[in-house]
Amino acid sequence: MRILKVIGLIFMAISSMLGGAAVRLVEVWNDPNPLPLPKSQKAESANPRTKLSSGDTELAVSEKSSENESGNTRGTVNVLVVGLDNVEGGSRTDAIALAIFDADNKGLRIASIPRDSRVYIPGRSWDKINHAYVYGGIKLLRETLVNLTGMPIDYFVKINYNSFPRIVDAIGGVDIYVEKRLHYNDYSGKLFINIQKGQQHMDGKTALGYVRFRHDPLGDIGRVQRQQKFIDIVMNKLKSPAIITKIPALVNELFDAVDTDLAPLEALKLLQFANSLPRDRIKMFMAPGRTGSNKGISYWILDNNAFSLQLAAKLPPADFSLIEDTNEVNLRELKESSGGNAGFDSERLAELRDQIMSIRILNGDGEKGIGKRAAQIFQRIGIEVPYTGNARHYDYKASSIIYPPNADDSVKQGAMALAELCGITNERLIQPDSRATSLTLIIGHDKEALFSRLEPLNS
């Protein structure tokens, strides 16, 4: 009987939209004051939940309100999101992310975890994190993430790649600038990707190829970057009132594509919360680390200390940056002699790239597009850039490098390698900073000298 009620409510909601209530739904969807987030399952452990089967998926419906006695909810809700690829009759996690909904700080952070990350899987051993799902499904993957991060995983969402194209088509496709041609054929896996460089309007099939492509020098790291870029574009598109007419079709596709233990109302609260946030309150990053191998098997070796700092870091207030004023650390301008072509041979460039691995970039100059331009340069060199943003102000005369004060020697070595690559010779411009969560480059007014030094390295 409960199934009939849920189905009835769904059809009533869709019918009401089609019957003229779409304007009201737009108002709710775009309301800057989000609904209260659901409490964690841990907080509701005494609350029985009824499982409703629908095909191969289950829908969990809470028997109680998610609000506590004071009307408020738990400040942070963590959701495990996985993308599933069907292979040889089974499923594997092709994408893994942890979405952190922070109601108190009015922000959303999404941490992508490369599927080749070497982690300890409870009850098994050290292995790639995507094997956890193969061994024990979402339960074991969840336990593995809790063990890795020390954070509770309140809910999970599984997305079936087979239905992914229809979801994208339901919102009218996406517009993405493709940095380079993506081409790959896998006849055994029936995966064929051929996406040209440049601005593209992607339908669902093309978008699936875009988020799955990993056959370039960056491998899974490049794929994570593209997935995060795709998420950012989709979330921005969902803010448009024009999307409201597409919701009925989107609901149908989501029922086929998504398996979750979120109740419908809980899911609505999370989606509406995310949609109410301005873009600068949604941050995406990748679990930092480096490539490595063990017993002949390649892995992404996580920097657990840096990852823990990233997960613990709160988004700053809207008018605040992660970086202190350069004057407070007494930075001085770069010598003009530091500009010009670095003239690195391929062997030295490879050494520096391996030491740096990953950096954050902050715009301390103020010119629009500086962060994106710098990120493209470093990514072409082979250095991963999981985050770009703005510094506290736009009066950094000299580009500088900061890193966490408690960073290990590998991060400090990475800072020195980055300084050599950028031509930063003044030691006062290479400093530990308590607000840095990882190795960070702040681009200053000497940007053109910096770019003229680095751009030839792309050729």
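Modeller: Start with axes: these are lines fitted to C-alpha atoms, for helices over the stretch in contact, with angles from 0 to 180 degrees between N-to-C directions. Helices are DSSP runs of H or I, at least four residues, and strands are E runs of at least two, numbered from the N terminus. This is a predicted model: local features need pLDDT of at least 70, side-chain atom pairs count only at pLDDT 80 or more, and totals for chains, interfaces and linings use all residues. Residues are numbered from 1 along each chain as its sequence is written, and side-chain values use heavy atoms, leaving out hydrogens and water.

Colleague: At what angle do the axes of α11 and α12 cross?

Modeller: Two packed helices are described by the angle and the distance between their axes. Here the α11 and α12 axes cross at roughly 90° and come within 9 Å. That makes α11 roughly perpendicular to α12 (the class covers 65 to 115 degrees). Glu420, Leu421 and Cys422 of α11 make the contact (heavy atoms within 4.5 Å) with Leu450, Arg453 and Leu454 of α12.

Colleague: How many residues has the largest nonpolar core?

Modeller: In soluble globular proteins, nonpolar side chains tend to be buried together. A nonpolar core joins buried (under 20% relative accessible area, 1.4 Å probe, protein chains only) Ala, Val, Leu, Ile, Met, Phe, Trp, Tyr and Cys residues through side-chain atoms within 4.5 Å. The largest one has 34 residues, with Phe378 and Leu418 among those with the most contacts inside it. α11 gives the most to this core, 7 residues. Beyond its neighbours within four places in sequence, Leu418 touches Ile356, Ile359, Phe378, Ile401, Leu439 and Leu441.

Methods
Buried < 20%, exposed > 50% of the residue type's maximum accessible area, 1.4 Å probe, protein only. Parallel < 35°, antiparallel > 145°, perpendicular 65-115°, else oblique.
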